[in-house]
Amino acid sequence: MSTAVTRRQFAFQTLGVIGGTMVAGDILPLLAEAAKHKQVLRVAVDRDFETLRPDFSAGYTNNMLKRLIYTTPVLWAAKPRADGTLTYDPDTIEGRLVIAYKVSEDRQTIEFTLRSNAKFANGDPMDAPALKDSYAMHIANRGPGASQLKVSGLPSADRITVLDAVTLRLSLDRPVAWGLSNHGLHNGGSVVHAKEILKHATPDDPTGLKWLETRTVESGPFIIENWQKGAMMSLVPNPHSFEPSQLERIILQIVPDPSTRRIVLERGDVDFAMQISTKDIPDLTRVSGVKVTSYPSARGWWLGMTWNKAPFNNIHFRRAMAWAIPYETLLQVVAHGMAQRLRSCVSKNISGYMEEFWPYETNLEKAREELAQVQIPDGFAVTVPVSAGDAFDEESMVLIKESLALLGIKLTLQKMSIGQKRSLLVKKQVDMAIYDFRPFVPDVGYYIYWNWLPDSLNNYWGYANAEAQALGNEAITMAVDAPERHARLRRFQEIINGEVGTIPLFSEFDNAVMRAPVQGYVSYPDGVAFLAKLRLE
Amino acid sequence: MGFSSHAARRLMLIVPTLLGGSSLIFVLTMLIPGDPALMRLGNFATAEQLQSLRQEMGLTKPPYERYVIYLSGLLRGDMGRSWRTGNLVLEDLLARLPMSLELGFCSMLLAIAVGIPAGVQGAAHNDGLVAYGGKVYGILGVAMPIFWGGLVLVYVFYFKLGIAPPPTGRIDMLVVPPRHITGSYLLDSLLTGDLDVLVSSAAHLVLPVITLAFVTGASIARMTYTSMRKVLASQFILVGHAYGVSPRAIIYKFALKNALMPVVTLIGLQVGFLIGGVVLVEMVFSLPGIGRYAVESLLVNDFAPVQGFVLLVLVVYLLVNLVVDLLYSVLNPQVRHG
C-alpha cells in the first residue's frame, strides 16, 4: 500500500487543519464554558417567591427558597430507602449551623455548639449572639416563626442565653416532644442577619421588615444573584457558606401552568419540575429521560363536619357518612393510585399514627341503617365549599356527592378560591368540607397541637372532648418514645375515631419529578426540597 | 363643535367615570369573602396572631374608613401595598406593565394586519376560496377559547415539532435580560444593541402573539367583511364601476375608507377583550405580566393588587376609547358636528 501523499491530499489536509483550528478557536471556549456550567440546575416552579421574610408562611415554593438562602441550626439527616432513593431519618437530627447539641435529662434545656467562623453572605460572623438575635427577631415579629418557636418551648427571647461566641442555651418553658427537630424548620429556624435588617429600619418601617420582604443577607448555601419578579430567580453559591453544593447555579423559572411545567421537563428544558399534577405522575414514570420518585407523605385529606349543629353532631349521621365514602374510588380516581388509605384523625407516616380504630369501609347498607336512626328532613341538602382548581378537593367532593345522593342527601358544591374557603373554615362557618394538613414535624402530638386542641386555629369543626384534648395536651410535653405518651396518643385516636371526629380519606404521596441526571434528592417531612443537595451527573 | 372642544369634553368625562369605577372596584373587592391575614399566616398560627395581623393590615377598620384611606391613597397615586410581594402595588404594576403592553400591542398589530385584509378579500371575492377561508377563520377565531388555542400551539410547535422556544417566560433561561430602559425586552434589546436578547425575546413572543391575534383578528375580519359588503353595494361604488375606475382603486381607495369606521370602533372595544386574553396567555406562556399578577393575587386574597389592576385596565380602556372616539370624528366629521 502506497503511503505517498499527493499534492491534492496535502492541500486538503492542510486546509482541514487550518479550518478545524479556526472553528475550534471559536467552539472550544464555548465548550469549556458549557463544561464549566454543567452544574446549572434549571427548575420550573409554580409561583413567585413573594417574600424573603422567612418567618412568614408563603407556600411550598417560598419555603423551598428559604431552605436555600437561610441556614437552620439543625435538619433531619438523610437515609437511603430500599430503592436507593433518599428520605429523612426521623430519628437522627444533624447539624447545619450547629456542630453539636446537648439536650438535658429533663428535656427543658438545649445547648447548641455552633460552627466557629460561620459567616453570613456579607462576611459578618454568624455566631451565638447572631443566632440569638435571629430567634429574637422571629419572636418579636409575631408571625408563624414565633408560633413555631413558641410550640418548641421558646415563647420569649429571654429564654435564650449566649454562653460564649459559639454556644447558645435554650431554656424551654416546658419539655416538648419535638423541641429539637423544630429548629430545622424554615419559619422559626431560618437564621437571619437581625442586625443588618435593623440597619434598614425607617420611621415607616421601624423593624426593617419591609426591607426584608425583598432584600436580605443570606445565611444559607446559596445567594440570590438575580430576581425578576414574577419571572425567575437565579442563585449562585454563597462564598461564605459552610454547606458546599456541587451546583454552580440554580435557575428557578416561574411556570404557573402545571401542564406547561410537565412538557418543559419532558423536553429537557428544565431539570426539575415542582408541583406536577398527580394525574400526570403515572404517565411521567414511563417517559424516557424523566425520573419520578414517590414518597409516602404526612399530607392527609379528611372530610370534616361541624360539631356545632344537627344533624352533623349526631353520631349516627357521622357514622352514616363514614360508611358512605367511596374510599377506594378516591384512591384510584382522584389520587390516581398515588396515595395511601388514611385511617385516623391524624396524619399517616408520622410517629404515633394508629389505624386500628377506624373500621369504616364503603358500605351503603350500613350507611342507610345508621341514617335511619337520625331525624333528617326529606331532601336534606348541604352546601359544601370547594377550592377551585384544587383537583383533590373538587374531584373528591364530586365522588362523595354522588355517593351521598344514593342516601338521599344532596350536596351543593360551591366553588371558591382557596383563600375564601380557608377563611370560612377558620370562622367555623362550614358544615362540611374536605380539608388537608401536613405537619412539618412528623409527630402525632405536633399534629394534635395545630388541629385538635380547643384553641387550635385549624380546629375548623369546633371539636370538643375534654378527655381527648387533655390527653393530646399531655402528649406534647412527653418524650417521643415514652410508653405513657404512646398510650395517650393511642387513647386519643380511639376516642376521636370512635366519635367519627372527622372522616379520613387518603394520604397523598410526595412526588419528585426530575430529569434522569439529577441526583441527591432527599424527601423531608415538610415536603420542601433542599435543592443545594442536588447534583447533575 | 370643533375637534379640540370635542376632545376636551370627552377627556373631562373620564374623571367621573374613573371615580365611579374606582368606588365600584372597592365595593366589589370588599364583597369577596376571604381573609388576607389568614393567607399571610398560613396553617401554623394562633388566633391571637391572626387578630394582631388583621389589625396591622388595617382589616379591622370599618369599611367606610378603609374606603376613605383607599380613595385618598389613589389621589396621591398610592394604590396600596401587596402583602404577597411586599411592594407598592403601583411599583408592581409598572414593573409588569411593559410585558403586557408588548404582548397586547404586538397582538393587536398582527390582528389588524391579518383581520382587515382577510375581511377585505372576503368581501371583494365573495364566492372565491379566499372568501370561504376568511369566513371559516372568522368563525373559528371567535369560537376558539384563547387558553385552549395557546395550549394547542405550545403542544404542536414546541412539544411535538420543537421549533418554538419553551413557554417559560420572556427569554431563554440562560440569556441575561437587557438593561432596563423601557421594560420592553424588544425595545430595550434594540436600544442596547443586544442581538441575543432581541432574537430570544422575539422568539418567545411569537406563539403568545399568534394566540391572542388569532382570536382578535377574527372579530376584525368579520366586521371588515360585513362593513365592506355593505359599502360595496352602495350607489357611489356602482358609479365608480360605471366610470371605469379600476376594481383595486374602488376597493382600497373608496370602499375601505368608508368601511373602516365600525372596524375602528371594534378595535377599540377589542382592547378590553385583549386585556382579558392577556391574563390567560400570560398563564399559559409563563409571562410575568399584569394579568397573571392580578390572578395570582386574587387567589390568595391579596386585594390591593386586584383593585390596582382593575383600575389600570379601566384607565387603559377609557384612554383607548377616547382615542377611538377622536379617530372616529376624524374619519367622519358628522360625529363631532352632530
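In the predicted model, 46 residues of chain A are in contact with 44 residues of chain B. Two residues are in contact if their C-beta atoms, placed from the backbone, lie within 7 Å. On the chain A side, the elements giving two or more residues are strand 1 (40–45), helix 4 (144–151), helix 7 (209–214), strand 10 (249–254), helix 8 (258–266) and helix 14 (418–426). Helices (H or I, at least four residues) and strands (E, at least two) are DSSP runs, numbered from the N terminus. Helix 14 of chain A supplies the largest share of this side, 7 residues. By class, the side of chain A that touches chain B divides into 17 nonpolar, 17 polar and 12 charged residues. Here Ala, Val, Leu, Ile, Met, Phe, Trp, Tyr, Cys and Pro count as nonpolar, Asp, Glu, Lys and Arg as charged, and the others, Gly among them, as polar.

This is a predicted model: local features need pLDDT of at least 70, side-chain atom pairs count only at pLDDT 80 or more, and totals for chains, interfaces and linings use all residues. Residues are numbered from 1 along each chain as its sequence is written, while chains are lettered from A and ligands numbered from 1 in the order in which they are written.

Most residues other than glycine have a negative phi, and most peptide bonds are trans. Chain A holds exceptions to both patterns. A cis peptide bond joins A:Ala310 and A:Pro311, with omega about 0°. A:Pro311 lies in the loop between strand 12 (290–305) and helix 10 (315–324) of chain A. A:Glu50 has a positive phi, near 65°. The loop between strand 1 and helix 2 (59–69) of chain A contains A:Glu50. A:Glu50 counts as buried because it has 24 C-beta neighbours inside 10 Å. The phi of A:Lys428 is also positive, near 60°. A:Lys428 sits in the loop between helix 14 and strand 16 (432–437) of chain A. With 13 other C-beta atoms within 10 Å, A:Lys428 is partly exposed. A residue is buried if 20 or more other C-beta atoms, placed from the backbone, lie within 10 Å of its own, exposed if 12 or fewer, and partly exposed in between.

In chain B, helix 12 (residues 290–299) and helix 13 (residues 303–331) pack at an angle of about 145°, with their axes 8 Å apart. Axes are lines fitted to C-alpha atoms, for helices over the stretch in contact, and angles run from 0 to 180 degrees between N-to-C directions. Residues making the contact include B:Tyr293 and B:Leu298 of helix 12 and B:Phe309 and B:Leu312 of helix 13. This contact has 8 nonpolar, 1 polar and no charged residues.
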